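Visitor: I have a structure to go through with you. Can we start with the terms and then take the details?

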Amino acid sequence: MRHPLLLAVVQSALVAGILGCLVLVVARHPWRLDLTPEQRYTLSPHTHEVLERLQEPVDVTVFYSSQEGELRREMADLLARYTDVDPDVHVRMLDLDRNPGAAERLRVNNYNVAVIENRGGDGTRREHVDLVNEDALTAAFLRVAGIPSTVVYFVQGHGERDPRDADERRGAGDAAAALVADGFVVRTVDGAAHIPDDAGLVVLAGPTRDFGAGEVDALDAWVRRGGRLLVLTDPGTPTSLVDLLGRFGIEPGADIVVDEQARLFGTDGLSARIAQLNQAMVPSPPTAGALLPLAQSLRLVDRPGVDGDYLAVTGEGTWSDVDRRALAGENTVFRPGTDRHGPVPVAVLMTVPAGDGREGRIGVVGDADFVSNLHLNLVGNRDLLVTTAQLVARDDVLAAPRRPGPARGTFSGLALTQQQSRIVFWSAVIAPGVLLAATALVALRRRRAA
Amino acid sequence: MTLRGTVALALVLGVLVTYLALSAPTTQTPAVPVAAGPALLAVPATDVTHLELTDASGRLSLVRSPNGWHDAADRTLPSGVVTDLLDALTTLRPITMVDDAPSDIADYGLGADATRLHLVGSTDRPLLDLEIGARNPAWTGLYARRDGAPGVFLVGALLQWEIDKLRNTARAQSSP
């Protein structure tokens with residue numbers, strides 16, 4: 001080579017250019033490692049499941065405000081996670097003020113709104129998301145994917161939990177929001193004598209007072225015509241409801257499930273943890289079991305024309321306090337021959353053929369407190385509600401865990417078994433204490449020796 | 001390294017540049033908030049002697065006299081409506097430079113259908129030539145351009161309020 005210096009300069013420039021390009025490539029395809037305990041920067045398995053079901057490309061157009069740079073970055077970052085999972089999700093970030101034409105075409109008149117579009121074979125389906133977060137986006141993806149909404153009616157008038165109520169202990173507003181995020185439309189109906197025609201699912205969320213005979217018959221007839229009913233019932237189920245469930249071969253145990261092995265810090269042993277969901281019904285169940293604050297067992301008995309199975313059971317170490325002594329504050333100890341050993345069934349799903357190829361379904365959970373605003377976002381409670389509602393109302397179940405909402409009340413989000421809590425205590429308190437004492441002893445001896 | 005190695009490096013660079021060019025993201029650069037600059041009307045409102053407002057509904061020409069503001073038919077307008085508009089112009093500033101070189105000004109409601117506000121001072125000195133377009137989608141401001149410059153900026157929606165007030169008052173004055 002005649003000009004080695006020139007060649008060296010050219011090669012250096014090329015290497016610098018390659019390095020610069022590599023930096024840009026890495027910047028466009030960042031690799032993530034989410035070390036936050038609640039996996040804040042990772043899409044939930046539920047969102048993955050929804051994205052896997054998308055058949056056609058989906059366009060997401062976000063109209064942001066140039067005045068809110070932080071929010072714009074958060075939205076872009078969230079949507080980048082969707083694109084990472086499914087490259088057929090195409091994202092456009094548009095400044096609303098700079099794109100009035102696009103905003104008019106997509107009927108957007110506010111900042112920080114996302115428009116989700118699916119140009120499928122049967123025309124464009126479009127959804128607006130006003131509050132851009134994972135729940136709302138995934139729900140919109142579900143809707144544009146063509147999965148029709150199911151209208152859920154919460155029956156009111158018998159002491160049931162109200163989906164419009166934001167009260168921490170009484171209300172079930174968070175439960176309603178969780179159902180909406182899963183493509184349900186939540187409404188209420190006073191009494192059960194007349195079920196609205198558009199009802200895809202009727203929920204009895206913890207009634208405490210009896211239903212009228214006409215209401216029980218109406219619910220019975222509705223299920224047998226192919227209707228879908230979800231019953232959440234605490235220990236002490238009203239007699240009329242026991243009668244209704246009995247018609248479908250379900251007997252509430254009128255007991256208390258005691259679970260000493262899986263207790264939350266600071267609670268008694270009456271919070272029963274669901275250890276297992278029936279894998280024939282839920283092939284890929286959520287990993288975190290739901291925690292039922294005060295549950296009763298359920299038993300199946302034969303009824304002609306009704307078929308079904310247990311949906312959820314508690315762990316081996318649980319047992320059923322048959323005469324509910326625990327509620328009286330007595331020291332509850334398992335009594336062989338009287339109380340029943342676990343696993344204890346706490347949820348069932350029954351089906352009734354309704355003719356025309358249709359099928360009525362009735363799902364029952366032996367606890368209603370777990371859908372209260374206080375408890376819904378504890379461990380797997382939200383997943384249990386939504387998965388059960390889907391099993392009862394739909395044929396195509398999305399059972400992967402959802403992103404938990406913020407826990408309410410004074411509960412710790414940490415759920416440990418007694419054995420785990422012992423390990424934590426020994427490793428965090430006893431072991432460091434012993435080490436500290438030994439160090440002090442050695443130091444003292446050395447000083448004396450000196 | 002030989003010439004062959006140099007060519008290989010150039011090829012690698014070419015592949016990378018091509019990939020980057022083809023996979024360019026569609027993210028739009030955010031609009032730039034304008035640093036607090038001068039108000040739309042940089043002189044005191046009292047310096048304005050002639051105001052001309054033109055839009056699809058017609059042309060309104062107002063002249064200041066010792067008795068107040070009057071139109072071409074010599075009808076006197078309540079002085080408040082004009083001074084309110086002029087005061088607004090002395091306080092309003094561009095909020096955001098939306099588009100330096102717009103390709104389609106009709107999207108902003110600018111162009112032939114836009115409202116035009118022309119202010120003149122004594123000795124026929126032009127003070128402001130404002131082209132006012134549509135409200136932004138969120139209705140927090142108006143698109144506008146001034147003094148023949150191509151850049152579109154966003155200005156507070158108060159301006160539309162004051163213009164509507166002036167036009168409605170003038171229309172009420174002229175109706176029999």
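Guide: First, a term: two strands pair if DSSP finds at least two bridges between them. Helices (H or I, at least four residues) and strands (E, at least two) are DSSP runs, numbered from the N terminus. This is a predicted model, in which local features need pLDDT of at least 70, side-chain atom pairs count only at pLDDT 80 or more, and totals for chains, interfaces and linings use all residues. Residues are numbered from 1 along each chain as its sequence is written, and chains are lettered from A and ligands numbered from 1 in the order in which they are written.

Visitor: Which residue stands opposite Ser320(A)?

Guide: Arg340(A), in S16(A). S16(A) and strand S15 (residues 319-321) of chain A are antiparallel, with 2 bridges.

Visitor: What is the strand order in that open sheet?

Guide: S10-S15-S16 in chain A, with antiparallel pairing. Strand S10 (256-258) and strand S16 (340-341) of chain A are the edges, each pairing on one side only.

Visitor: And chain A overall, how many helices and strands?

Guide: Chain A has 10 helices and 18 strands. Of its 450 residues, 42% are buried (20 or more other C-beta atoms within 10 Å of the residue's own, with C-beta atoms placed from the backbone).

Visitor: Switching to the contact between chains: how many residues does each give?

Guide: Chain B gives 28 residues and chain A gives 32, where contact means C-beta atoms, placed from the backbone, within 7 Å.

Visitor: Which element has the largest share on chain B's side?

Guide: H1(B), with 9 residues.

Key. Two residues are in contact if their C-beta atoms, placed from the backbone, lie within 7 Å. A residue is buried if 20 or more other C-beta atoms lie within 10 Å of its own, exposed if 12 or fewer, and partly exposed in between; C-beta atoms are placed from the backbone.
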